Amino acid sequence: MMRSAVCKCGTLASRTAVGVSRRRNGIPPSCSRSLSTPAAVASQASSSSLPPNLTFDRRSSFAPKEEPFLVPPTQASTTEDEDEMMDVEESGYESEVEEGLMSTSTTTPRYVIPLPDRLKTNVHGPDGSINGTLWLEPSVFGIDPIRVDLIKQSVDYIRNKIRGVRKAKSKTISEISGSGRKVRQQKGTGRARAGHSRPAHWRGGAKAHGPKNTVDYGNVKMNKKARRLAMVSTLSQKLKEGNLILVDNLKLESHKTKHLVTMLEEAYGIGKDGSTALVLDHYFEDENSEDDDASYHGVPINLWVAAGNIYKIKVLSQRYANVYDILKKEKLIITLGALEQIEARWKD
């Protein structure tokens, strides 16, 4: 006996054996309404012809899924017609890739250079050219494994020191100005009881459970050996990632920002549309020499002024280098003068 049912979209469906199985899966038997699930949209998009101006985000669940093309093992050769069809499909795929409609993952993975070969680093000039190579100190840049736990502990230590003592302070009832006179009589007015005019729920009254200025976040300690191991682990991690750049010197001819921006973008890809960087230098002018440039906080004055207006670059002297500032920036640029001082300070 055939039974009929009406689905949600109003179409008449016959409840046959096939219809029963479809209804068990939540799909009406002969429903003409298009499904709105991501899988259904993807199957429809892949089966039907798409408009030429329609693009999909490959990460979206509504994007058409690419099905792998499997060649049957019994198929030894193809005919001429099949070869022509494959050539047309490949040309269409290449055109879609060029137009940006499809994405290809042709980038090869970057592998970490093993130790000790990793310690051999190129020395660049200010313009990005390679002037030579240099072997780094193993006890500073060759730590393995990286102590992530001490790096986290050092970051918390530095942030607590920056936070310091809490300065917020609210007044209690005893500190609020006002008398202790009873505002109104206890009974008979129909209003709430009030003993004085300084309670926390009244305007101009005290603050309930407010800050007392008693928390000192900067009162923390970290062992000297733990701070050193956290610092050398951070430097080793930058070298391991390939984000450590050694520069001969950073003496600029001008204090103009545009000259420094052009140099960093063209040479190292650092700047407005690129990555961030922390620059460490160690430079002090010689008082007896007239050719040396002036210095400010241990860096050349032209470099300090030029980098002051670039928000993605921070310039510090090597004596102020810390784990927190190194981790905040993607790349680490160290001059040879700063490298000598860093290795002398942090090596075993």
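I take helices (H or I, at least four residues) and strands (E, at least two) as DSSP runs, numbered from the N terminus.

**Entry 1: getting started.** This is a predicted model, where local features need pLDDT of at least 70, side-chain atom pairs count only at pLDDT 80 or more, and totals for chains, interfaces and linings use all residues. Residues are numbered from 1 along each chain as its sequence is written, and side-chain values use heavy atoms, with hydrogens and water left out.

**Entry 2: the whole chain.** I looked up the elements and found 10 helices and 10 strands in the protein chain. The chain has 348 residues, and 30% of them count as buried; buried means under 20% relative accessible area, exposed over 50%, and partly exposed in between (1.4 Å probe, protein chains only). I then turned to contacts, meaning heavy atoms within 4.5 Å. Among those joining residues at least 6 apart in sequence, 61% link residues at least 24 apart.

**Entry 3: Arg-198.** Where does Arg-198 lie? I found Arg-198 in the loop between helix H5 (148–163) and helix H6 (224–241). Arg-198 is buried yet has no salt bridge, a salt bridge being a side-chain nitrogen of Lys or Arg within 4 Å of a carboxyl oxygen of Asp or Glu. The nearest side chain of opposite charge is Glu-175, 10 Å away; here Lys and Arg count as positive and Asp and Glu as negative, while His and the chain ends are not counted. Leaving aside residues up to four places away in sequence, Arg-198 touches several others, including Ile-173, Ile-176, Ser-177 and Gly-205.

**Entry 4: salt bridges.** How many salt bridges does a search of the whole structure find? The search gives 5. One joins Glu-175 to Lys-169, at 3.2 Å from N to O. Glu-175 is partly exposed, with a relative accessible area of 41%, and Lys-169 also counts as partly exposed, at 46%. Another pairs Arg-228 with Asp-348 at 2.4 Å, N to O. Arg-228 lies in helix H6 and Asp-348 in the segment after helix H10 (336–346), so this pair ties together parts that are 120 residues apart in sequence. Asp-348 is exposed, with a relative accessible area of 74%. I also noted Arg-147 with Asp-149, whose closest N and O atoms are 2.8 Å apart.

**Entry 5: helix H6.** I checked the span of H6: its 18 residues reach 26 Å from first C-alpha to last, close to the 26 Å expected at 1.5 Å a residue (the expected span is 1.5 Å times one less than the number of residues). Its buried residues include Ala-226, Arg-228, Met-231 and Leu-235. Just after H6, Gly-242 takes a positive phi of about 85 degrees.

Entry 6: Most residues other than glycine have a negative phi, and most peptide bonds are trans. I looked for exceptions and found a cis bond from Leu-115 to Pro-116, with omega near 5 degrees. The bond from Asp-144 to Pro-145 is cis too, with omega near 5 degrees. Asn-213 has a positive phi near 60 degrees and sits in the loop between H5 and H6. His-297 has a positive phi of about 55 degrees, and I placed His-297 in the loop between strand E7 (295–296) and strand E8 (299–300).
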